[in-house]
Amino acid sequence: MLSVAAGCLTAFLSAPAVPQVSLPACKERASAPLDASGPQWNGWSPNANNTRFEDAAAAGLSAGSVKKLKLKWAFNLGEVGVARAQPVIIGGRLFTTAQNGSVYALDAATGCMRWRFQADIGVRSGVTFGDANGTPAVFFGDLRAAIYALDADNGRLIWKVKPVEHPASMVTATPRFYDGVIYQPISSFEEALAAKPDYRCCTFRGSVVALDAGTGRTIWQAFTIAETPAPSRKGPTGVQQYGPSGAAVWSSPTIDAQGGAVYVATGDNYSDPPTNTSDAVLAMDLKTGRVLWSRQLTGGDTYNNSCSTPRRANCPSTTGPDADFGQPPILLGLAGGKRELVVAQKTGIAYALDPDRRGEVLWRTRAGEGGPFGGSQWGSASDGRNMYVAISGQKVHAIRDPQSPRGFRFVVDPREGGGLVALDVTTGRVVWNAPPPTPPACAPTGTNCSPAQSAAVTAIPGVVFSGSVDGHLRAYATQNGEVIWDMNSAQEYEAANGGTARGGSMDAAGPAVVNGMLFVNSGYGQWGGMPGNVLLAFSVNGE
């Protein structure tokens with residue numbers, strides 16, 4: 001699931017030197033304290049169940065008003081080619097991160113900047129908002145798995161800790177704040193390091209850490225693989241190999257207050273032997289981290305980037321399909337007091353599990369074609385009636401390019417991929433299937449353009465939003481999948497913070513909808529997509 005090739009690691013893990021905290025650019029209300037009492041979108045989802053559903057009162061938009069959405073402002077995220085963090089809106093302020101390590105606090109209504117903080121290295125995760133011993137704070141992790149708490153009013157660093165030891169650890173998932181605790185999943189880039197023939201693959205194990213929100217103190221760390229990696233066999237180059245490894249957690253945790261559990265979905269194993277907790281949904285005790293149960297949904301999935309190189313020096317003996325879970329489980333309440341967890345996988349299959357029966361599979365439905373780039377990638381949504389699953393199906397090829405430092409570049413197929421499927425949450429039945437536009441928005445000669453819909457999905461009453469690698473954000477009617485609004489973000493914008501910004505492919509995070517506005521990032525230059533660096537804000541008629 002690592003969205004970076006081994007040759008890109010140096011650039012990927014570096015951040016330019018910029019001032020740690022910038023002076024506020026907002027002229028009005030710059031010193032007003034944050035009031036978090038109103039509607040909000042906090043973290044990966046506006047609720048701890050990870051439904052990515054905003055109710056009518058908080059959304060402030062309806063199916064009728066969505067058709068009138070127009071651009072209100074644009075914000076330049078800096079010298080980056082990927083804009084991937086989930087926007088967070090609390091008390092009229094918007095918090096977001098950039099892959100160059102910048103963390104921004106903006107005025108949600110105007111896009112003016114209140115403050116900027118510079119992390120020591122790049123940031124992939126979004127932020128979550130909470131309380132740090134009485135101080136309103138935002139929390140996030142960086143590309144070396146350091147976790148930060150910042151004062152939400154001014155960007156001041158409250159604490160910074162590095163709770164994990166493995167040198168290839170990093171944070172991709174947006175953390176979750178709950179009851180004074182930060183729950184942070186840990187992923188890694190070791191899957192990419194394994195492409196180097198002399199690398200001793202592999203010793204990373206995915207985990208979740210629970211941190212005291214006030215101090216950063218580790219309360220517990222729970223590994224997704226119980227066994228410590230040990231020497232296994234020697235590879236063809238004579239380098240010692242290790243295992244088991246992998247089962248990283250790429251997505252935000254789901255909180256079950258009723259059951260006293262936190263749920264996460266895991267990725268593949270990096271090396272032999274395979275484990276029964278990879279490509280699985282795990283339930284951990286909220287207070288202790290003890291693994292309560294695990295439900296594996298694809299077995300024997302051992303894979304790393306060496307399997308895509310000519311020498312395959314560190315490739316496991318049996319290569320798996322690279323069928324990670326890149327999205328969190330969604331916790332739903334059903335009629336009669338029943339509950340279920342729904343989640344979709346890179347295989348293209350969606351599942352419902354019973355959280356009260358140790359993850360027993362209630363139904364499984366193929367929503368689309370699977371593959372290394374999905375299947376279903378970063379996030380589904382649910383309004384309690386349907387589960388909305390976006391399909392990537394992206395086809396990526398490497399072609400020789402003497403102008404590239406690597407000697408090659410990635411290109412995407414402009415005709416392959418895409419689609420959005422609604423599934424009945426009680427049965428898994430396909431309610432409707434909305435295919436990508438015909439002809440595709442990229443066809444016939446689109447450059448860096450694909451109809452794949454790998455970005456996370458967002459829902460409000462009557463409407464579901466899905467972004468695409470072709471740069472379009474589309475709103476679908478939840479009744480029948482009809483497209484009721486379509487915006488092409490792949491263009492140039494005058495930025496609220498000066499100069500111009502550029503939109504591109506949409507991937508990873510999805511829109512946040514709150515208080516009658518929609519906020520979304522545009523730009524995803526990895527894997528052959530269109531680069532970009534803009535955060536966009538829409539409102540009815542742009543007012």
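**View A. Arg 205 over the ring of Phe 223.** Here the charged end of Arg 205 sits over the ring of Phe 223, 3.9 Å from its centre. "Over a ring" has a cut-off: NZ of Lys or CZ of Arg within 6 Å of the ring centre and within 35 degrees of the ring normal. This is a predicted model, with local features needing pLDDT of at least 70 and side-chain atom pairs counting only at pLDDT 80 or more, while totals for chains, interfaces and linings use all residues. Residues are numbered from 1 along each chain as its sequence is written, and side-chain values use heavy atoms, with hydrogens and water left out.

**View B. Arg 52 over the face of Trp 44.** In this one, Arg 52 lies 4.7 Å from the ring centre of Trp 44.

**View C. Phe 117 with Tyr 148, an edge-to-face pair.** Searching the whole structure turns up 13 aromatic pairs (rings of Phe, Tyr and Trp, its six-membered ring, with centres within 6.5 Å; planes under 30 degrees apart are stacked, over 60 edge-to-face, the rest tilted). For Phe 117 and Tyr 148, the centres are 5.9 Å apart and the planes sit at 75°, so this pair is edge-to-face. Phe 117 belongs to strand β6 (residues 113-118) and Tyr 148 to strand β9 (residues 147-151), so the pair ties together parts 31 residues apart in sequence. Strands here are DSSP runs of E, at least two residues, numbered from the N terminus.

**View D. Phe 140 stacked with Tyr 148.** With centres 4.6 Å apart and planes at 5°, the rings of Phe 140 and Tyr 148 count as stacked. Phe 140 has a relative accessible area of 0%, and Tyr 148 has 1%. Ring pairs join Phe 117, Phe 140 and Tyr 148 into a cluster.

Key
Helix = DSSP H or I, 4+ residues; strand = E, 2+ residues; numbered from the N terminus. Buried < 20%, exposed > 50% of the residue type's maximum accessible area, 1.4 Å probe, protein only.
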